[in-house]
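Here is a short note for a colleague opening this structure for the first time. Please read the points with the structure in view.

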Amino acid sequence: MEPAYVRAYKENILQERVAKALSILTCCTLCPRACRVNRLAGELGVCRTGRQAKVSSYAPHFGEEAPLVGRGGSGTIFFTHCNLLCVFCQNYDISHRGEGYEISSEGLAAIMIRLQAQGVHNINFVTPSHVVAQILEALPLAIEAGLHVPLVYNSGGYDSIETLELLEGIVDIYMPDLKFTDSRIAKRYCNASDYPERAQAAVKEMHRQVGDLVINNQGTAERGLLVRHLVMPEEKAGTYELMKFLAEKVSKNTYVNIMNQYRPCGDVGQFPELSRAVTSAEYQQALNEAQAAGISRLDQRRQRRLFL
């Protein structure tokens with residue numbers, strides 16, 4: 001199966017998207033923060049990323065969802081910084097403290113090719129919302145060097161529709177988070193009161209572009225939508241409401257990973273309600289709520305052992 005981005009390159013669509021995305025950086029509105037800084041001139045907004053993307057690490061990853069991992073792993077590229085900045089981020093050193101190094105489009109393309117040579121099933125862009133332009137810029141170089149595995153857009157869900165439209169026909173697999181339904185909670189933990197509406201609109205757009213997750217005979221994903229949902233203490237994530245949204249507004253066949261790996265990280269010392277891990281009872285309740293809402297296509301990877 002030829003990836004969508006290869007066809008886009010052959011038809012000169014990708015090159016047009018590169019130019020448009022780079023032009024947006026002159027008054028950046030790539031994400032819902034809409035900082036309107038000139039990133040091409042080195043100005044920094046919430047994501048603290050200028051002209052060049054920053055990468056913290058890259059490697060075949062075997063802890064991702066089962067359809068992404070297969071036998072060869074998912075080729076993850078972890079981008080530094082973030083447009084959402086959750087206080088409980090498990091990659092706090094990367095997202096908040098900026099651990100990583102700047103990389104050119106040639107360097108990013110080389111990473112993709114290197115990962116593909118290691119036998120990964122896909123190239124998995126982790127936290128890409130603020131570096132869409134840089135990813136698009138690197139893709140023609142990677143394609144010319146032989147890139148041919150699916151592309152995964154692995155975001156926090158805080159994405160703008162306009163930017164996602166630039167990725168139509170480019171991204172093969174979308175993997176957004178759906179974190180909260182309550183705007184007050186989103187404001188408290190991410191300083192983004194509009195997160196619920198933005199993320200839900202983004203997920204609907206992603207599904208419009210790629211549909212339900214398609215898994216081949218080898219058990220690996222080729223195209224489609226995969227949604228992540230992190231269970232949080234005290235039902236802060238609003239699991240039932242989010243699963244109902246997916247079942248009623250997106251698709252009952254949505255592939256969902258209900259994640260139980262929440263643990264106190266980052267700045268949660270300032271938020272006593274987040275100062276403990278999720279219990280087994282809370283996790284089981286989230287699974288039950290997903291099924292009650294009509295979602296049954298759940299990722300089956302082994303979950304972290306929970307406290308009772």
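1. The model is predicted. Please keep that in mind when reading the points that follow.

2. Start with strand 2, residues 74-79. Six of its six residues are buried, so strand 2 is largely enclosed by the rest of the structure. In a regular strand the side chains alternate between the two faces of the sheet. Here Ser-74, Thr-76 and Phe-78 point one way, while Gly-75, Ile-77 and Phe-79 point the other way, and all are buried.

3. Strand 2 has a partner in strand 1 (residues 53-61), with antiparallel pairing over six bridges. In this pairing Ala-59 is found opposite Thr-76 of strand 2. Strand 2 also pairs with strand 4 (residues 123-126), this time in the parallel sense and over four bridges. There, Ile-77 is set opposite Phe-125 of strand 4.

4. Strand 9 covers residues 255-259, and five of its five residues are buried. On one side lie Tyr-255, Asn-257 and Met-259, on the other Val-256 and Ile-258; both faces are covered. Strand 9 pairs with strand 8 (residues 221-230) in the parallel sense, over five bridges. Within that pairing, Leu-230 stands opposite Met-259.

5. Is Ser-155 buried or exposed? Its relative accessibility is 2%, and buried means under 20%, so Ser-155 counts as buried. Ser-155 sits in the loop that runs between strand 5 (151-154) and helix 7 (161-166). Setting aside neighbours within four places in sequence, Ser-155 has contacts with Pro-128, Ser-129, Met-175, Pro-176, Asp-177 and Met-206.

6. Two packed helices are described by the angle between their axes and the distance between the axes. For helix 9 (residues 195-210) and helix 10 (residues 239-250), the angle is about 40 degrees and the axes are 11 Å apart. Angles under 35 degrees count as roughly parallel and those from 65 to 115 as roughly perpendicular; helix 9 and helix 10 are therefore oblique to each other. Helix 9 passes helix 10 in a crossing that is right-handed.

7. Which residues of helix 9 and helix 10 meet? From helix 9 they are Gln-200, Val-203, Lys-204 and His-207, and from helix 10 Leu-242, Phe-245, Leu-246, Lys-249 and Val-250. By class, this contact of helix 9 with helix 10 is made up of five nonpolar, two polar and two charged residues.

Technical notes
Residues numbered from 1 in each chain as written. Predicted model: local features only at pLDDT ≥ 70, side-chain atom pairs only at ≥ 80, totals over all residues. Heavy atoms only, no water. Axes fitted to C-alpha atoms, helices over the stretch in contact; angles between N-to-C directions. Helix = DSSP H or I, 4+ residues; strand = E, 2+ residues; numbered from the N terminus. Parallel < 35°, antiparallel > 145°, perpendicular 65-115°, else oblique. Left-handed = near helix turned anticlockwise from the far one by under 90°. Contact = heavy atoms within 4.5 Å. Nonpolar A, V, L, I, M, F, W, Y, C, P; charged D, E, K, R; others polar. Buried < 20%, exposed > 50% of the residue type's maximum accessible area, 1.4 Å probe, protein only. Pairing = 2+ DSSP bridges.
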